[in-house]
Amino acid sequence: MDNGVSAGSTASTSTLGHIALGLTLLAFGIGHTGIISGVTAADSVSLATYVGGLALFVLGILAFRAGDGFDGTAFAGLGAFWFTWAAAADGKVSPDAAGAFLVLFALLGLSLTAGAAGGLFGQGVYGLFTLSLLLLAVGAFADSSVLGKAAGWVAAVAGLLSWYGATAALAHWPMALGRASRRGDAVPAA
């Protein structure tokens with residue numbers, strides 16, 4: 001690609017990436033909760049492969065191209081996570097190997113939590129994602145479906161938070177409570 005050709009704005013890459021992350025986390029989380037009869041985490045494999053895996057990875061590359069190292073790292077790393085998770089979701093690995101995989105990617109989540117800007121909508125999404133991976137890992141090691149369900153709820157909340165943050169950016173809704181928004185308008189305290 002010619003250096004004079006824009007790879008897309010950082011804001012649009014970030015917004016689309018957070019929508020993709022939100023939808024994937026929401027589907028993954030709902031599947032683990034068992035709240036909808038007959039819907040399991042395995043039902044989110046196609047979404048995780050293409051939206052969470054492929055789309056996030058491509059958005060990560062575009063973010064790197066646009067000079068956004070954080071979103072590039074987040075989206076490419078999470079794309080690798082979702083693609084790999086989807087490939088192994090049919091039980092090709094032992095529970096202990098799955099737990100180790102989840103712990104390793106929880107380390108990525110922890111790094112993203114530490115490096116994220118934006119308070120609740122940045123650190124909150126990545127922090128909840130990390131917590132859900134840790135709960136799933138411990139659940140895999142201990143063979144606990146209760147921890148898997150708890151992880152599903154945490155992932156679903158993270159997905160809703162990511163989706164809301166991206167939607168709010170598109171719709172110019174408030175992104176922070178009790179502080180000024182990005183546009184300089186006062187946001188009323190809750």
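Start with the aromatic rings: this predicted model has eleven aromatic pairs. Select Phe-28 and Trp-85 to see one of them, an edge-to-face pair with 5.0 Å from centre to centre and 85 degrees between the planes. Now colour the helices. Phe-28 sits in helix α1 (residues 10-33) and Trp-85 in helix α3 (residues 69-88), so you're looking at a link between distant parts of the chain, with 57 residues separating the two.

Next, pick Phe-70 and Tyr-126. Their ring centres are 5.9 Å apart and the planes meet at 75 degrees, so this pair is also edge-to-face. Here again distant parts of the chain are linked: Phe-70 belongs to helix α3 and Tyr-126 to helix α5 (residues 123-142), 56 residues apart. Which of the two is buried, and which is partly exposed? Tyr-126 is the buried one, at 1% relative accessibility, while Phe-70 is partly exposed at 27%.

Last stop: the outside. Select Leu-23, Leu-160 and Trp-163, which make up a nonpolar patch on the surface, with about 270 Å² of accessible area together. Zoom in on Leu-160, and you'll find yourself in helix α6 (residues 145-171). Leu-160 has a relative accessible area of 44%, so this residue counts as partly exposed.

Note on methods. Residues numbered from 1 in each chain as written. Predicted model: local features only at pLDDT ≥ 70, side-chain atom pairs only at ≥ 80, totals over all residues. Heavy atoms only, no water. Patch = residues over 30% accessible without salt bridge, like charges linked within 9 Å, V, L, I, M, F, W, Y side chains within 5 Å. Areas by Shrake-Rupley, 256 points an atom, 1.4 Å probe, with all protein chains shown as cover. Salt bridge = Lys/Arg side-chain N within 4 Å of Asp/Glu carboxyl O. Helix = DSSP H or I, 4+ residues; strand = E, 2+ residues; numbered from the N terminus. Buried < 20%, exposed > 50% of the residue type's maximum accessible area, 1.4 Å probe, protein only. Phe/Tyr/Trp six-rings, centres within 6.5 Å; stacked < 30°, edge-to-face > 60°.
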